[in-house]
Amino acid sequence: MEKLEFIDENGEKTQFYVIEETRINGINYLLVSESDNEDDEAEAYILKDTSDAASEEAVYEFVEEDSELEAVGKVFSELMDDDVELK
């Protein structure tokens, strides 16, 4: 499982493990967790790439809009053969 380090607007670092990734309508999405153990019941988050094409570093934001979260969550659920429960 790939581990990524994210730096928030306050400069604080957080590590996430990429569970799955997909591209929808030209936008990259990541399904991530703070745990690298697939057997653990851990919170998962969906992140959306909001960086512009000229940027050297990717910028990701948490998907918070309900309809987008539901639609992308369904895609991730299908990609993972329903092995994950998204709430």
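How far apart are the end C-alpha atoms of helix H1 (residues 66–79)? They sit 20 Å apart, which agrees with the 20 Å that its 14 residues should span at 1.5 Å a residue; the expected span is 1.5 Å times one less than the number of residues. This is a predicted model, so local features need pLDDT of at least 70 and side-chain atom pairs count only at pLDDT 80 or more, while totals for chains, interfaces and linings use all residues. Residues are numbered from 1 along each chain as its sequence is written, and side-chain values use heavy atoms, with hydrogens and water left out.

**Helix H1**
- Helices (H or I, at least four residues) and strands (E, at least two) are DSSP runs, numbered from the N terminus.
- Buried (under 20% relative accessible area, with exposed over 50% and partly exposed in between; 1.4 Å probe, protein chains only) describes Glu68, Val72, Gly73, Phe76 and Ser77 of H1.
- Looking down the axis of H1, those buried residues fall within an arc of 160°, so they line one face of the helix; the arc is that of the directions from the helix axis to the C-beta atoms.
- Glu70 and Glu78 are exposed on the other side of H1.
- The buried residues of H1 pack against strands S2 (13–24), S3 (27–33) and S4 (44–49).

**Thr14**
- Thr14 lies in strand S2 and is partly exposed, with a relative accessible area of 30%.
- Not counting residues up to four places away in sequence, Thr14 touches Leu4, Glu5 and Phe6, where contact means heavy atoms within 4.5 Å.
- Thr14 and Glu34 are 20 residues apart in sequence and 8.4 Å apart in space, C-alpha to C-alpha.
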